[in-house]
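The sequence and coordinates are shown below.

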Amino acid sequence: MYAALIGPDRVSLRLAPALPDAPSPWQARQQGAIWEAPSWQLDQKPDDSTELPLLATVGTVGGELAVVNMGRAPGIVALTGDRDAGMRIAGAFLDEISRHPAAASVAINVIGPPPPPLPVPERVRVTLDLQTILPPSDDGIDAAQRSGVLRDHLVVVTAPIPPAELER
């Protein structure tokens, strides 16, 4: 599950890859790319053995709460539009993720000024440039090693990154 929409009467999960065989009470839609179920049919209290995904609230879609599973994000998730609104969402996003039990093993870094609400939770490291998080490209680390450097990291960028650094 990479995202979910949570409405007053249903929950809709977005899956990649698609899984056409949905367990009850879920109904598969779009060849299993979406699973939907009425809210009243879902267990409201998962047992202790259930590991909840690292969900971050990103807004609403058609009146339904939209959440993204940051544990499944394969790359960049961008907040676009009004900068002040984006910074408020990023702040709420960081606050929510930093408190999530599944995030205990995730390094959280902000490059640039921290978004509100302040203060930034203790788990969030604020830095001014990418160099402190990702080694320079001429450090002898090959591409395969470099791809693992940011594994289990959430990096939030709130300041412009120079074009030479952006590709890296």
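## Strand 6 and its partners

Strand 1 (residues 3-6) pairs with strand 6 in the antiparallel sense over 4 bridges; two strands are taken to pair if DSSP finds at least two bridges between them. In this pairing A4 stands opposite V67 of strand 6. Strand 5 is also joined to strand 6, by 6 bridges, and these two strands run antiparallel. Within strand 6, V68 lies opposite A56, and N69 is the bridge partner of L55.

Strands 5 and 6 form a hairpin with 2 residues between them, and G62 in the turn has a positive phi of about 55°. Strand 6 (residues 64-69) is mostly covered, with 5 of its 6 residues buried. Here buried means under 20% relative accessible area, exposed means over 50%, and partly exposed lies in between (1.4 Å probe, protein chains only).

## Basis of the description

The model is predicted: local features need pLDDT of at least 70 and side-chain atom pairs count only at pLDDT 80 or more, while totals for chains, interfaces and linings use all residues. Residues are numbered from 1 along each chain as its sequence is written, and side-chain values use heavy atoms, with hydrogens and water left out.

## Overall composition

The chain has 3 helices and 9 strands. Helices (H or I, at least four residues) and strands (E, at least two) are DSSP runs, numbered from the N terminus. Along the sequence, the pattern is β-β-β-β-β-β-α-β-β-α-β-α.

Of the 168 residues in the chain, 32% are buried. Among contacts between residues at least 6 apart in sequence, 47% join residues at least 24 apart, where contact means heavy atoms within 4.5 Å.

An open sheet of 6 strands has the order 3-4-2-1-6-5, with antiparallel pairing. Strand 3 and strand 5 stand at its edges, each with a single partner strand, so one side of each has no neighbour in the sheet. Neighbouring strands of this sheet are turned by 25° against each other on average, direction ignored. For such angles, axes are lines fitted to C-alpha atoms, for helices over the stretch in contact, and angles run from 0 to 180 degrees between N-to-C directions.

Strand 4 (residues 34-38) is mostly covered, with 4 of its 5 residues buried. Strand 2 (residues 10-14) pairs with strand 4 in the antiparallel sense over 5 bridges, and A37 of strand 4 is the bridge partner of V11. Strand 3 (residues 27-29) pairs with strand 4, also in the antiparallel sense, over 3 bridges; R29 stands opposite I34 of strand 4. The hairpin of strands 3 and 4 has 4 residues between the strands, and Q30 takes a positive phi near 50° there.

## The aromatic pair

A pair of aromatic rings is described by the distance of the centres and the angle of the planes. Rings of Phe, Tyr and Trp (its six-membered ring) pair if their centres lie within 6.5 Å; planes under 30 degrees apart count as stacked, over 60 as edge-to-face and the rest as tilted. By this rule the count comes to 1 aromatic pair. W26 and W35 form this pair, which is tilted, at 6.4 Å centre to centre and with 40° between the planes. W26 is buried, with a relative accessible area of 16%, and W35 is buried with a relative accessible area of 10%.

Strand 7 (residues 107-111) pairs with strand 9 in the parallel sense over 5 bridges, and I108 stands opposite L154 in strand 9.

## Helix 1

Helix 1 (residues 83-99) has 17 residues and reaches 24 Å from its first C-alpha to its last, close to the 24 Å expected at 1.5 Å a residue. The expected span is 1.5 Å times one less than the number of residues.

The buried residues of helix 1 are G86, M87, A90, G91, F93, L94, I97 and S98. Seen down the helix axis, these buried residues fall within an arc of 165°, so they line one face of helix 1; the arc is that of the directions from the helix axis to the C-beta atoms. What covers them includes strand 5 (55-61), strand 7, strand 8 and strand 9. The face of helix 1 turned away from its buried side carries the exposed residues D84 and R99.
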